[in-house]
Amino acid sequence: MDDLNRFCESIPKIELHAHLNGCIRSSTFRQLLSSPTDQMRFDTLDKEFPMGDTHSRMANFFEKFSLLRSCITNLDDIRRITHETLEDFISDNVIYAELRTRPRSFQNGAIAASSYVEAILETMQEYEDKICSRLILSIDRTQTLEQAMETLKLAEKYRAQVVGLDLSGDPNVKSFERLRPVFDLAKQINLSTTIHIGELPDEECLNENNLIIDYKPTRLGHFNFRTDDQEQRVLKEQIPLELCPTSNLLTMNLSDLSKHHFDLFYKNKHPLTICTDDSGLMYCRLSSEIFQIVQTFRLTKKELYEFMFQTSNFIFDKNMIEFCQTKLKNFSEQLNLF
Ligand SMILES: [Zn+2]
């Protein structure tokens, strides 16, 4: 078991679904919120995820997520978060990471959203020889079409390092139809897209799943709740799925990982990637997420290696596929794996 754990730690890994604000270390969060009046906010963050249905779990999750977001108030903060997140991924042997964030301005617009994006990209650049990292810009479900369009413009402006567009946020807000024009434009300019799908078990959410699958984004996030028909469509269309075990387990209220939909899609040889979602909130690392999957579904080292290899095909920066695959091949040769 220890041997397998070590293998999961040492194998070169690819992270494709990580929200930058959700990656904040809890020690950093505590430092950034240092006034005594913030005790209440600490208490909220420390609160256990409640038992109960998906809706209450999701509400608790978004309360925590907005807290983490609220502690970043200037460009130095976001540089620090990016720097620490990349350090954490490097120490976990992640070789390629796509981080996602919603652009924001500070000081009532005096510091523009473009400066926020630039601060992250500059920090990423500093680490380029240790980890290849790229940015995905997130559109929040509550945003207006105009705001979403601004995000698309920013993605275009920084195209060299911004590799995609994401739709995320509170899934109670059904807004894909309203925001679809922005995603259509993204397709027209060949910008990759990833959309959070199937996060709630209610009918409205399931209906929205159809619209999202109709659009056919480049990748899909989670896909926790779905109809049989939707499952078949995604399998047939071969849309890669970003699965986040700890996060999915929490929101789906599953008793253990053996009931996770990884099994179904893996058995169907569907394109998959294992990710952390919000490592700071979930207290997880990519290696431990992968280890849990490998252990639960009894994958061999060879199968894990092959799994990681196929993941490299779904990264948004196609120029880096060869880089990832070479790192993996070198790893296997060094260990004389197969
Ligand atoms: Zn997510």
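**Helices, strand and cores**

Visitor: What do the buried residues of α9 pack against?

Guide: The buried residues of α9 pack against α8 (176–188), β5 (192–197), β6 (219–222) and α10 (228–237). Contact means heavy atoms within 4.5 Å, and buried means under 20% relative accessible area, exposed over 50%, and partly exposed in between (1.4 Å probe, protein chains only). Helices (H or I, at least four residues) and strands (E, at least two) are DSSP runs numbered from the N terminus.

Visitor: And what sort of model is this?

Guide: This is a predicted model, in which local features need pLDDT of at least 70 and side-chain atom pairs count only at pLDDT 80 or more, while totals for chains, interfaces and linings use all residues. Residues are numbered from 1 along each chain as its sequence is written, and side-chain values use heavy atoms, with hydrogens and water left out.

Visitor: Back to α9. Which residues are buried?

Guide: C205, L206, E208, N209, I212, I213 and Y215. They cover an arc of only 155 degrees around the axis, which puts them on the same side of α9; the arc is that of the directions from the helix axis to the C-beta atoms. On the other side of α9, E203 and E204 are exposed.

Visitor: What happens at the ends of α9?

Guide: D202 caps the N-terminal end, with a side-chain oxygen 3.2 Å from the backbone nitrogen of E204. A polar contact is a pair of N or O atoms within 3.5 Å; within protein, one must be able to donate a hydrogen and the other to accept it, and residues adjacent in sequence count only if both atoms are side-chain atoms. Just after α9, K216 takes a positive phi of about 60 degrees.

Visitor: What about α5, which residue caps its N-terminal end?

Guide: N74, through a side-chain oxygen 3.0 Å from the backbone nitrogen of D76. Just after α5, N93 has a positive phi of about 60 degrees.

Visitor: How far apart are the end C-alpha atoms of α5?

Guide: They are 24 Å apart, which agrees with the 24 Å that the 17 residues of α5 (residues 75–91) should span at 1.5 Å a residue. The expected span is 1.5 Å times one less than the number of residues.

Visitor: What do the buried residues of α5 pack against?

Guide: β1, α2 (26–32), β2, α6 and β3. Among the buried residues of α5 are I78, I81 and F89.

Visitor: Is β3 buried or exposed?

Guide: Nine of the nine residues of β3 (residues 132–140) are buried, so the strand is largely enclosed by the rest of the structure. Both faces are covered: C132, R134, I136, S138 and D140 lie on one side, and S133, L135, L137 and I139 on the other.

Visitor: In which sense does β3 pair with β2?

Guide: Parallel, over six bridges, with β2 at residues 94–101; two strands pair if DSSP finds at least two bridges between them. I136 in β3 is the bridge partner of R100.

Visitor: New topic. How many residues does the largest nonpolar core have?

Guide: It has 86, and those with the most contacts inside it are I78, L99, L135, L165, F183 and F262. The largest share, six residues, comes from helix α6 (residues 113–126). A nonpolar core is a set of buried Ala, Val, Leu, Ile, Met, Phe, Trp, Tyr and Cys residues joined through side-chain atoms within 4.5 Å.

Visitor: What is I78 in contact with, leaving aside its neighbours within four places in sequence?

Guide: L20, I72, Y116, A119 and I120. A second, separate core of 11 residues includes I14, C275, I315 and M320.
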